[in-house]
Amino acid sequence: FSIEHQPALIGRSDRSNPASAEILTADLGELAEARTVSRQHAKITEQGGLYYLESVAERNPTFLNDMQLAPGEKRVLKDGDTIQVGKILLTFQLH
């Protein structure tokens, strides 16, 4: 998934509301484990050349390199970091 706008939301679209997919940068809804991902689970933002991961979902945790983020907590992302939302693992890559 390419980050082309901010905030870059990670989640799954609502099949009953197709417009919900338009706000997601990373729509994980078609993946096998998508049921473990919130509609808006986490977000990535860029500030001053640094990228930050923030947990958005209160009930479903977000992990950065196996460390759980509290809702609203931001952590700096580095190239190669692993992001876990539900049972889905993503790798953050800078290009």
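The largest pocket is lined by 16 residues, and Phe1, Ile3, Thr91, Phe92 and Gln93 lie nearest its centre. The model is predicted, so local features need pLDDT of at least 70 and side-chain atom pairs pLDDT 80 or more, while totals for chains, interfaces and linings use all residues. Residues are numbered from 1 along each chain as its sequence is written, and side-chain values use heavy atoms, without hydrogens and water.

**Pocket**
- A pocket is an open set of points on a 1 Å grid over the protein atoms alone, where a 1.4 Å probe fits, with protein on both sides within 12 Å along at least five of seven lines; lining residues have an atom within 4 Å of a point.

**Aromatic pair**
- Rings of Phe, Tyr and Trp (its six-membered ring) pair if their centres lie within 6.5 Å, and planes under 30 degrees apart count as stacked, over 60 as edge-to-face and the rest as tilted.
- The count is 1 aromatic pair.
- The ring centres of Tyr51 and Phe92 are 5.6 Å apart with planes at 55 degrees, so the pair is tilted.

**Accessibility**
- Phe92 has 6% relative accessibility and counts as buried (under 20%; exposed is over 50%, partly exposed in between, with a 1.4 Å probe and protein chains only).
- Tyr51, at 25%, counts as partly exposed.
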